[in-house]
Amino acid sequence: MKISTKGDYATRALLALALRGGPASVRDIAKATGLPQAYLEQIMLGMKAAGLVEAKRGVQGGYSLARSPSDITLRQIVEAAEGNVAPLGCAAEDPDGRCVEEGQCALQLVWIKVRGAVSEILDSVTLQDVAQDTLRIKKARAAKASANLALAPSGAIRWAGKKVN
């Protein structure tokens, strides 16, 4: 199963809101994530329709999460952006029971297992989890960067052994 750009961008946009902790304009979200603003506007409307974000107009307005990051799973975001997480239509949670390829319905059982595994993983991860992991990664990178930055005895600043001033 492949998550499309829309699902990827939706998760990144909502992660940016979780990390920010308050309302943000689409422009601010686009700037923070590097995502295209016009496409992000469409995605955020979908997230609002799904009840994952709220929009407030005005100077202090923007989008904010509709509930706590710990109450929003990646599955909710991906399904709001993409629809059902089934790899094929016959493996959707409410399949019509008809196999597209006559005589190959045993494959449907495999695709249903794939859907179940993907759903289970996406259900087990919340925006809070991803936000905490993001902060840990940033902290580790900052610590590594500061360890590589050393003041040389001559007063020159060195980065990973190379003089930078």
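In what order do the elements of the protein run from the N terminus on? They go α-α-α-β-β-α-α-α-β-β-β. That makes six helices and five strands. Both are DSSP runs, numbered from the N terminus: helices are H or I with at least four residues, strands are E with at least two.

A word on the basis. This is a predicted model, where local features need pLDDT of at least 70 and side-chain atom pairs count only at pLDDT 80 or more, while totals for chains, interfaces and linings use all residues. Residues are numbered from 1 along each chain as its sequence is written, and side-chain values use heavy atoms, with hydrogens and water left out.

Now the overall picture. The protein has 165 residues, and 32% of them count as buried. Buried means under 20% relative accessible area, exposed means over 50%, and partly exposed is in between, with a 1.4 Å probe and protein chains only. The accessible surface comes to about 10,500 Å². Carbon and sulfur atoms hold 54% of that. These areas come from the Shrake-Rupley method with a 1.4 Å probe; for residues, only the protein chains shown count as cover. Next, contacts, meaning heavy atoms within 4.5 Å. Take those between residues at least 6 apart in sequence: 55% join residues at least 24 apart.

On to the aromatic rings. How many aromatic pairs are there? One. The rule covers rings of Phe, Tyr and Trp (its six-membered ring), with centres within 6.5 Å; planes under 30 degrees apart are stacked, over 60 edge-to-face, the rest tilted. Here the partners are Tyr9 and Tyr39. Their ring centres lie 5.6 Å apart and their planes sit at 70°, so the pair is edge-to-face. Tyr9 is in helix H1 (residues 5–20) and Tyr39 in helix H3 (residues 37–49), so the pair ties together parts 30 residues apart in sequence. Tyr9 is buried, at 17% relative accessibility. Tyr39 is partly exposed, at 28%.

Next, the hairpin. Strand S1 (residues 53–56) and strand S2 (residues 62–65) pair in the antiparallel sense over four bridges. Two strands pair if DSSP finds at least two bridges between them. Lys56 stands opposite Gly62 in S2. Five residues lie between the two strands, and in the turn Gly58 has a positive phi of about 110°.

Last stop: Arg75, in helix H4 (residues 74–82). Is Arg75 buried or exposed? Buried, at 14% relative accessibility. The side chain of Arg75 joins that of Asp123 in a polar contact of 3.0 Å. Such a contact is a pair of N or O atoms within 3.5 Å; within protein, one must be able to donate a hydrogen and the other to accept it, and residues adjacent in sequence count only if both atoms are side-chain atoms.
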